[in-house]
Amino acid sequence: MDVRRTINALKDVNIAKMFTTIARLLHFRLTWTRRDLDYLPAGLGPKFVSARRAAAMIPDGATLTIGGFAATGRASIFYWALRDAFDRSGHPRNLTVIGACPQGGRGKTPGMIEELDAPGIITRYIVGHGETAKALLQLADDGQLELHTMSQGALAFLIEAQARGLASIQTSVGLDTFLDPAVGCGSAVSPGAPNNFITAKNGKLEYRIPPIDRALFLAPYADKDGNIYFKDAALILDYKDAAAAARLNGGKVIVSVSKIIPRDNSQIAIPADNVNAIVVNPRNEQVGGILQTQFMPHFTAGSSEVDHEAVKLMRLINTFLDITPYRGKVVDILARLCADTFVKTTGPGAIVNIGIGIGEEVARMLYESGLYRDITFTSEGGAYGGLPASGVYFGAAISPQRILSTAEIFHIYEERLDTCVLGFLQVDSAGNVNVSHRGPKIIDFVGPGGFTDIVEYARTIIFVGNWMDEARYGLKNGLVRVKKPGVPKFVDKVDQITFNARKALKAGRKVLYVTTVGVFKLTEEGLELVQIMPGINIEKDILQNSTARFIIPGSPIPEVAPEIVSGKRFELKFDKKDLA
């Protein structure tokens with residue numbers, strides 16, 4: 001833990017709330033493997049069952065959706081119950097699991113989908129973002145699991161379509177990327193997979209998934225009649241659509257709730273008639289480490305202003321947990337440069353999506369400047385408005401105006417997403433971007449997540465990231481120096497195309513790449529350097545530390561402003577200019 005950052009994070013934090021929250025997190029951490037698979041409160045009707053009984057309702061060969069976005073609403077009780085059933089009886093087995101959102105804990109956190117890593121439980125996994133489910137990726141590498149991927153938005157639309165009785169969707173999302181069978185392998189990540197759920201049709205891509213026959217997810221509450229409530233949830237993802245799809249396909253809906261509340265007809269999200277079984281688990285979480293029964297109000301919908309005290313508390317928790325480690329002064333400069341680029345390309349009233357990583361620092365700067373009031377932040381998890389939550393809470397939001405389904409938020413993106421700020425693993429000479437694969441093996445798989453949908457829809461696309469991996473930079477007298485070169489991230493050709501630059505140009509998108517050496521823009525001829533960091537030498541630091549080709553203007557290239565480099569007198573204001 002960084003003591004200095006923790007002390008700084010303590011400033012202006014409500015001490016009583018801080019101690020209460022930290023105490024709850026510590027208690028949860030010490031007991032986070034605790035569960036009772038036979039728990040069933042007395043006096044409830046036959047619809048209410050234990051987790052062990054719920055697992056017995058999953059037949060061999062079933063196709064499941066299991067809810068959760070990373071640590072938010074994670075379905076730990078179901079993972080544990082399914083693993084327990086398999087260990088005892090060898091069933092259920094040969095399951096297909098569909099997960100649009102990240103569901104793993106990178107092998108470090110119990111109660112995630114990696115609980116189902118015994119060979120034979122899951123034999124097909126269709127996922128938007130799979131990087132965190134390392135144990136399942138290893139099964140795929142070993143040939144014991146058939147791995148598929150598609151974008152989060154496409155998966156959300158497919159689940160929505162099944163709820164309406166439709167078997168497939170057609171879209172331009174993913175065309176000319178690795179998801180396009182003409183460019184890559186379609187949905188199939190596993191070599192020789194007998195199925196492919198993405199095909200070319202009518203100039204678009206046709207997506208499909210197997211019929212869902214079991215929908216498993218968490219909801220905050222149920223009443224004694226079996227009605228389900230989403231009140232006080234941080235996210236609701238695809239739960240209603242998955243439930244409707246499972247019912248329409250003749251399957252079952254199994255929900256776990258934290259407690260029983262009095263019936264309130266005005267708040268019912270899913271009527272009891274549409275639910276087959278309910279598991280009561282008081283240890284269900286609202287967000288990572290925070291029990292739903294002790295929910296944090298600032299993660300729930302209905303706010304008109306961001307809860308500033310909650311922002312300070314979130315920052316303290318992430319610092320305390322070392323979830324968002326300090327990345328250094330040069331990355332601070334990078335975040336300021338990206339925020340400056342944002343306000344010069346985005347105007348008030350914009351709908352915005354900001355990704356994890358350095359993007360979170362950009363959101364923080366827009367918040368601290370007050371400009372967040374003039375734009376609408378969103379997350380692909382369905383949070384609309386408020387401030388994107390960072391670190392362990394990524395995907396949720398502080399003081400969101402509304403909590404939408406995953407399909408609803410992607411429909412909004414489809415119609416009117418103005419700007420996105422996203423990271424990158426690689427960029428190539430043509431401006432193509434790879435975020436979906438880190439290396440040649442399946443264990444290196446990341447997945448597109450919502451990236452492919454977001455870059456399809458956003459009018460302005462800002463990529464932000466370090467110039468090289470594992471490089472060391474220095475800052476002295478207002479000049480940035482490359483002290484030790486690292487692994488180039490700008491290459492001649494990316495390993496996998498997750499963003500197709502030519503397609504974006506054809507659609508009239510504005511695309512910028514913000515790095516530790518300067519800012520590049522996408523042009524018809526390629527990547528043009530339009531701003532350079534003071535102290536950076538074009539030949540030595542850029543051209544010799546990249547295999548990509550660039551357009552270097554003959555006229556002097558504007559330097560990044562001194563206040564961006566130093567942070568002194570740095571301020572943000574909307575001044576929308578055409579950097580292109």
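Reader: How far apart do the C-alpha centres of domain 1 and domain 2 lie?
Author: The C-alpha centres of the two domains are 30 Å apart. Please note that this is a predicted model.

Reader: And which residues belong to each domain?
Author: The domain assignment gives 47–291 for domain 1 and 328–566 for domain 2. The contact takes 44 residues from domain 1 and 37 residues from domain 2.

Reader: How much area do domain 1 and domain 2 bury between them?
Author: They bury about 3200 Å², and 64% of that area is on carbon and sulfur atoms.

Reader: Which three residues supply more than any other three on the domain 1 side?
Author: Those are Gln152, Phe157 and Phe178, which supply 18% of the area that domain 1 buries against domain 2.

Reader: Turning to charges, how many salt bridges are there between domain 1 and domain 2?
Author: The count is 1 salt bridge. Glu131 forms a salt bridge with Arg438, with the closest N and O atoms 2.7 Å apart.

Reader: Which elements give two or more residues to the side of domain 1 that touches domain 2?
Author: They are α5 (134–141), β4 (146–149) and α6 (152–163). Of these, α6 gives the most, with 6 residues.

Reader: How do the residues on that side of domain 1 divide into nonpolar, polar and charged?
Author: The side of domain 1 that touches domain 2 has 23 nonpolar, 14 polar and 7 charged residues.

Definitions and conventions:
Residues are numbered from 1 along each chain as its sequence is written. This is a predicted model: local features need pLDDT of at least 70, side-chain atom pairs count only at pLDDT 80 or more; totals for chains, interfaces and linings use all residues. Side-chain values use heavy atoms; hydrogens and water are left out. Domain bounds come from an automatic or database domain assignment. Contact means heavy atoms within 4.5 Å. Buried area is the accessible area (1.4 Å probe) that two parts lose on being put together, summed over both. A salt bridge is a side-chain nitrogen of Lys or Arg within 4 Å of a carboxyl oxygen of Asp or Glu. Helices (H or I, at least four residues) and strands (E, at least two) are DSSP runs, numbered from the N terminus. Ala, Val, Leu, Ile, Met, Phe, Trp, Tyr, Cys and Pro count as nonpolar, Asp, Glu, Lys and Arg as charged, and the others, Gly among them, as polar.
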